[in-house]
Amino acid sequence: MPTAEPGSTVLDPTSTLRCSSAFISDLHLGTAGCRADRLLDFLEHLEVDKLYLVGDIIDLERMQQSVHWPASHSGVLRRVFAMAAQGVEVVYIPGNHDARIRAFAGTTFKDIQIRMNTIHTTQQGKRLLVTHGDQFDSELKIGSLKEKIGSAAYQWLVSFDVSVNRMRARLGYEDVSIASAMKLRIKSAQQYIARYEALALSHAKKRGLDGIVCGHIHKPAIIESDGVVYYNDGDWVEHCSVLVEATDGTLANYQWPSQSQVTESAKQVA
């Protein structure tokens with residue numbers, strides 16, 4: 001099987017994933033960094049009762065500067081609307097990059113519920129807060145200049161990833177994420193992620209909940225502390241990851257492989 005991120009399992013792209021609930025976030029549709037082809041492939045292999053879109057689905061913020069919208073991006077939206085029309089309960093929780101959609105919280109659009117946040121009860125009766133997670137940024141007290149520099153550097157790395165992976169795909173190699181690798185090597189980025197995770201856990205604990213599901217920081221994770229669990233479903237820019245609740249109520253992070261990963265895996269089996 002292709003290599004997965006630590007704590008994640010790579011899904012089998014040849015079979016259907018049947019589950020109770022699925023949580024995806026940080027698609028960033030409308031930007032070149034979005035792995036829309038892989039996302040659409042995943043959605044076409046997904047059979048689920050409830051789908052949570054946990055923010056930064058359409059990057060309205062970035063699209064004010066430039067728009068990248070190939071057919072696959074429209075395909076993702078059509079697939080989500082089709083799932084909702086077919087009876088899947090779809091809940092959309094806008095993030096900071098699609099914050100303008102928060103004005104419609106509490107309404108339903110084409111069978112898709114729009115909420116600021118919500119409580120999800122698992123098949124085991126666990127109560128989880130589902131929220132994008134950008135509200136914790138103010139408590140982390142990131143300086144505006146530092147934040148802007150960090151954001152610009154990250155966007156440059158994501159753009160570089162796109163160019164590198166186009167070349168790697170032509171050569172038959174699997175995708176890489178230089179942006180993700182850099183975050184893991186920069187001490188300040190690691191500290192920010194650790195503080196973010198601690199804040200999210202504290203927030204859920206104060207509300208008397210069993211856990212919290214969020215996105216925002218593009219780092220899939222499952223962390224338990226004092227009986228409360230932090231779940232981050234990752235993103236579809238760096239990790240192509242999804243948080244899945246199985247029919248027995250257990251939750252796990254998974255990754256959807258690229259076509260080059262599937263091809264390489266098939267060669268190894270042969």
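This is a predicted model: local features need pLDDT of at least 70, side-chain atom pairs count only at pLDDT 80 or more; totals for chains, interfaces and linings use all residues.
Figure 1. A search of the whole structure finds 7 aromatic pairs. One of these joins Y192 and Y196: the ring centres are 6.2 Å apart and the planes meet at 40°, so the pair is tilted. Both tyrosines belong to helix 7, which covers residues 187-206. Y192 and Y196 are 4 residues apart there, about one turn of the helix.

**Figure 2. The edge-to-face pair of Y196 and Y230.** The ring of Y196 also pairs with that of Y230, at 6.5 Å centre to centre and with 80° between the planes. This pair links distant parts of the chain, since Y196 is in helix 7 and Y230 is in strand 11 (residues 228-232), 34 residues apart. Y196 is buried, with a relative accessible area of 0%. Y230 likewise counts as buried, at 0% relative accessibility.

**Figure 3. An aromatic cluster around these tyrosines.** F136, Y192, Y196 and Y230 together make up one aromatic cluster.

Figure 4. D98 sits in the loop that runs between strand 4 (89-92) and strand 5 (108-109). The side chain of D98 does make a polar contact of 2.6 Å with the side chain of Y92. Leaving aside residues up to four places away in sequence, D98 touches G55, D56, I57, I58, L60 and Y92.

Note on methods
Residues are numbered from 1 along each chain as its sequence is written. Side-chain values use heavy atoms; hydrogens and water are left out. Helices (H or I, at least four residues) and strands (E, at least two) are DSSP runs, numbered from the N terminus. A polar contact is a pair of N or O atoms within 3.5 Å; within protein, one must be able to donate a hydrogen and the other to accept it, and residues adjacent in sequence count only if both atoms are side-chain atoms. Contact means heavy atoms within 4.5 Å. Rings of Phe, Tyr and Trp (its six-membered ring) pair if their centres lie within 6.5 Å; planes under 30 degrees apart count as stacked, over 60 as edge-to-face and the rest as tilted. Buried means under 20% relative accessible area, exposed over 50%, partly exposed in between (1.4 Å probe, protein chains only).
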